[in-house]
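Please examine the model shown here with attention to helix packing, aromatic pairs and charged side chains. The paragraphs that follow take these topics in turn.

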Amino acid sequence: MKITLIRVLLWLCVAAQAAFFVLAWTTYAPSIGSMTIDMTAIGMPFGARHALTPSARLLGAALALPTTLVLVYGLWRLDRLLLNFHRRELFSAQSIGHLRAFAGATLLSTMLSIVEAPLRTLALRLAGEGGQHFAVGVNSEQLMLILVCGMFYLITRLMQEGRRLREENEGFV
């Protein structure tokens with residue numbers, strides 16, 4: 001698959017993330033014909049955002065924003081890595097840094113998404129807006145993503161070692 005196509009899909013993913021964020025925290029619900037698309041934030045019951053006051057929705061969005069921003073940063077670093085791959089800079093220090101930053105941002109975003117729902121419930125309760133059940137949940141997709149991020153860290157370590165050995169061998173020749 002061409003790198004350009006992957007980059008286009010990557011930016012479509014970023015656009016979808018931004019759209020989901022906006023739709024999850026506003027009262028706007030787009031419709032297609034007779035169907036209405038209603039997005040909800042993770043951990044919120046279906047339709048619960050409509051019962052929230054505007055200030056409570058703003059509080060929920062403010063608590064959810066770091067997760068989204070960290071993920072977008074990670075995807076941007078992945079885009080930079082793909083550009084380096086396009087230029088055939090596969091094992092450059094910059095490429096290794098981009099891969100490590102992508103893995104780190106994805107890991108941090110996943111961890112933030114795990115703590116965001118209970119933190120939001122607590123904040124809404126303290127603000128007098130919440131009657132939601134307090135729960136902390138981790139699903140199998142999050143656990144798998146944490147594992148994949150760990151693997152990417154291992155890969156960057158191997159890439160660094162390969163780069164070091166190549167430079168050492170070039171010094172002998």
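Relative accessible area, computed with a 1.4 Å probe on protein chains only, sorts residues into buried (under 20%), exposed (over 50%) and partly exposed (in between). By that scale Arg166 is partly exposed, since its relative accessible area is 38%. The model is predicted, so local features require pLDDT of at least 70 and side-chain atom pairs pLDDT 80 or more, while totals for chains, interfaces and linings use all residues. Residues are numbered from 1 along each chain as its sequence is written, and side-chain values use heavy atoms, with hydrogens and water left out.

Helix packing comes first. Two packed helices are described by the angle between their axes and the distance between the axes. Helices are DSSP runs (H or I, at least four residues), numbered from the N terminus. Axes are lines fitted to C-alpha atoms, for helices over the stretch in contact, and the angle between N-to-C directions runs from 0 to 180 degrees. Helix H1 (residues 3-25) and helix H3 (residues 54-86) have axes that come within 10 Å and cross at roughly 175°. H1 is therefore roughly antiparallel to H3, a term for angles over 145 degrees. The residues of this contact comprise 19 nonpolar, four polar and four charged ones. Here Ala, Val, Leu, Ile, Met, Phe, Trp, Tyr, Cys and Pro count as nonpolar, Asp, Glu, Lys and Arg as charged, and the others, Gly among them, as polar.

Asp79 is placed in helix H3. Its relative accessibility is 0%, so Asp79 counts as buried. Apart from neighbours within four places in sequence, Asp79 is in contact (heavy atoms within 4.5 Å) with Arg7, Leu10 and Trp11. Asp79 also belongs to a network of salt bridges that links it with Arg7 and Arg80. A salt bridge is a side-chain nitrogen of Lys or Arg within 4 Å of a carboxyl oxygen of Asp or Glu.

How many salt bridges does a search of the whole structure find? The search finds eight. Side chains of opposite charge can pair when their charged atoms come close. Among the bridges is that of Glu167 with Arg163, whose closest N and O atoms are 3.2 Å apart. Both residues lie in helix H5, four residues apart, about one turn of the helix. Glu167 is partly exposed at 39%, and Arg163 is partly exposed at 23%. Glu168 and Arg164 form another salt bridge, with closest N and O atoms 2.9 Å apart; these two also lie four residues apart in helix H5.

Rings of Phe, Tyr and Trp (its six-membered ring) pair if their centres lie within 6.5 Å; planes under 30 degrees apart count as stacked, over 60 as edge-to-face and the rest as tilted. The count by this rule is two. Tyr73 and Trp76 form a tilted pair, 6.0 Å centre to centre with 35° between the planes. Both lie in helix H3, three residues apart, about one turn of the helix. The rings of Phe102 and Phe152 have centres 5.9 Å apart and planes at 70°, so this pair is edge-to-face. Phe102 lies in helix H4 (residues 93-126) and Phe152 in helix H5 (residues 140-172), so the pair ties together parts 50 residues apart in sequence. Phe102 is buried, with a relative accessible area of 13%, whereas Phe152 is partly exposed at 26%.

Conventions
Parallel < 35°, antiparallel > 145°, perpendicular 65-115°, else oblique.
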